[in-house]
Amino acid sequence: MNRKYGALVIGTGQAGPSLAARLAGAGLETAIVERGSIGGTCVNTGCIPTKALVASAYAAHLAFRSAVFGVVLPGPPAVDMKRVKARKDAIAGASRDGVAAWLRALPRLTLIEGHARFESPREVRVGDDVLTADRIFVNVGGRAAVPPMPGISEVPFWTNSSMMAVDFVPPHLVVVGGSYVGLEFAQMYRRFGSAVTVVEMAPRLIAREDADVSDAIRQILEREGIAVRTGARCIALEKSPSGVRVRVDCQDGSPVVEASHLLLAVGRRPNTDDLGLDRAGVRTDARGYVEVDDQLRTNVPGIWALGDCNGKGAFTHTAYNDFEIVAANLLDADPRKVTDRIPTYGLFVDPPLGRAGMTEAEAKEAGHRILVGRRPMTKVKRAVEKGEELGFMKVVVDADSKAILGAAILGPGGDEVVHCLLDAMYAKVPCTVVQRAVHIHPTVAELVPTVLGELQPA
Ligand SMILES: Cc1cc2nc3c(=O)[nH]c(=O)nc-3n(C[C@H](O)[C@H](O)[C@H](O)COP(=O)(O)OP(=O)(O)OC[C@H]3O[C@@H](n4cnc5c(N)ncnc54)[C@H](O)[C@@H]3O)c2cc1C
């Protein structure tokens, strides 16, 4: 059957539903297509379920450390993974159901379940139906990359998606990939009771961060008993009596890691390989990301790409901002653009890392003369009071203009605290404005003005 719409959205991730609602609200007959679970990665296999698990892991960690606070439990704490999973499922499920109910109730919006593929620049096939629209918005997201590493077809492995079904504590989890996704899983499973080894090809963890940030995070993980193997150049996998053997060939330590279970967290790839983009003439780059301009238009008039699949961001907040940019341009005559966005993200290990703007290394590479302020959490009273004095805060400032270029806050509430610097960056005010602000005592954010008063050339 052929059906004609005013607008068609492919994918119900973090940009599509809000955009579909705006378009339908503006009077366009709109369809939104989803091949998997409503809500996409963040809701089903990404941010929401992982942060629910991180919360359970934090509770376990506190329970095991309760004596530090003078709290005596009647016996040793135990983790019931079936209940941990049930809590995570309930939180993610409520979110998924909420998005589905909202989309189904909106006037002029049709939710279609199935796999969408372009037939032409204006036609998309879903099963036996061909949907035609003059405006098509691609929000297909991404999935875990599974590179052809030696032995990969011989061993069972989990990705962030299949990991969502785990309801037991693996005896020894080896996490291949020492970046954002891998480290969150590594710490939570350690806290649930697994032995955990992280294997990373690069010389250090989360290599896009400054070395001091990588090193501090490594120390935090190692202090909890997580084994970290960096510089693992020749990763190869094979079955072993204990489950899986990972050959790492690192310079230091044993050349193999024996584990019971394997999580592969070595990056993401866009879901553009089975979308028929060639039939629509939509260009992608060498890695499959849809090429877009500053307002998220593809090379084909009438087709836009939003969220992870355009390679301009890899986060829920960047996908949602893509929706805001497209809606502003199309419906509000407001020429918002991607390059107005300041990079920002969190790494939700405990303590969390909040990041905004450039790293110190990026600021130097960009040719800035920089000043850096730094303070360990041992010198932040609130962190000490909470017994969470690991980590540090760092702010990078342009020595000439006094503009804040970037920040890394690794410590209690670091993911929240960083926003007082991010907002000043958006406001384009010099760091002296934040330095003279009076913050609440006792908070971690209270020390941000102090750090800005102690800037040193770097
Ligand atoms: C483990 C993990 C933890 C994360 N934690 C965070 C976090 O804490 N904070 C954060 O900001 N980000 C986090 N992210 C990233 C975040 O989940 C993504 O950036 C975000 O979901 C991207 O949204 P999106 O709209 O681009 O795509 P997605 O959410 O991936 O949605 C795309 C949707 O399109 C559907 N689809 C794909 N192809 C088709 C097709 N051909 N036809 C029909 N439907 C199709 C998919 O089924 C999917 O539902 C995390 C990711 C992972 C993997």
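## Ligand shell, salt bridges and a surface patch

By class, the shell around the ligand holds 13 nonpolar, 21 polar and five charged residues. Here Ala, Val, Leu, Ile, Met, Phe, Trp, Tyr, Cys and Pro count as nonpolar, Asp, Glu, Lys and Arg as charged, and the others, Gly among them, as polar. The model is predicted: local features need pLDDT of at least 70, side-chain atom pairs count only at pLDDT 80 or more, and totals for chains, interfaces and linings use all residues. Residues are numbered from 1 along each chain as its sequence is written, and side-chain values use heavy atoms, with hydrogens and water left out.

**Ligand site**

- The ligand is surrounded by 39 residues, each with a heavy atom within 4 Å of it. Gln 14, Glu 34, Thr 41, Lys 51 and Asp 308 are the closest.
- At least two shell residues come from each of strand S3 (30-34), helix H2 (40-44), helix H3 (47-64) and helix H8 (316-331). Helices (H or I, at least four residues) and strands (E, at least two) are DSSP runs, numbered from the N terminus.
- Glu 34 places a polar side-chain atom 2.5 Å from an oxygen atom of the ligand.
- Gln 14 has a backbone N or O atom 2.7 Å from an oxygen atom of the ligand.
- A polar backbone atom of Ala 116 lies 3.0 Å from a nitrogen atom of the ligand.
- On its own, the ligand has 1,000 Å² of accessible area (Shrake-Rupley method, 1.4 Å probe). The protein covers 93% of that area.

**Salt bridges**

- The whole structure has 32 salt bridges, each a side-chain nitrogen of Lys or Arg within 4 Å of a carboxyl oxygen of Asp or Glu.
- Glu 119 pairs with Arg 279 in a salt bridge, with the closest N and O atoms 3.5 Å apart. This pair links distant parts of the chain, 160 residues apart: Glu 119 is in strand S5 (residues 116-120) and Arg 279 in helix H7 (residues 277-280).
- Glu 119 is partly exposed, at 29% relative accessibility. Arg 279 is exposed, with a relative accessible area of 53%. Buried means under 20% relative accessible area, exposed over 50%, and partly exposed in between (1.4 Å probe, protein chains only).
- Arg 355 forms a salt bridge with Glu 209, and their closest N and O atoms are 2.7 Å apart. Arg 355 lies in strand S20 (residues 353-357) and Glu 209 in the loop between strand S11 (195-199) and helix H6 (211-223), so the pair ties together parts 146 residues apart in sequence. Both Arg 355 and Glu 209 are buried.
- Glu 360 forms a salt bridge with Lys 394, the closest N and O atoms being 2.8 Å apart. Glu 360 is in helix H9 (residues 360-365) and Lys 394 in strand S22 (residues 392-398), so this pair ties together parts 34 residues apart in sequence. Both Glu 360 and Lys 394 are buried.
- A network of salt bridges links Asp 210, Asp 212, Glu 360, Lys 364, Arg 374 and Lys 394.

**Surface patch**

- Leu 62, Val 68, Phe 69, Val 71 and Leu 73 make a nonpolar surface patch of about 400 Å². Patches are made of residues with over 30% relative accessible area and no salt bridge; like charges are joined within 9 Å, nonpolar side chains (Val, Leu, Ile, Met, Phe, Trp, Tyr) within 5 Å.
- Leu 73 sits in the loop between H3 and helix H4 (81-105). Leu 73 is partly exposed, at 34% relative accessibility.

**A contact across the sequence**

- Val 155 is in the loop between strand S9 (142-144) and strand S10 (172-176). Val 155 is buried, at 6% relative accessibility.
- Val 155 and Val 244 are 6.8 Å apart in space, C-alpha to C-alpha, and 89 residues apart in sequence.

Methods. A polar contact is a pair of N or O atoms within 3.5 Å; within protein, one must be able to donate a hydrogen and the other to accept it, and residues adjacent in sequence count only if both atoms are side-chain atoms.
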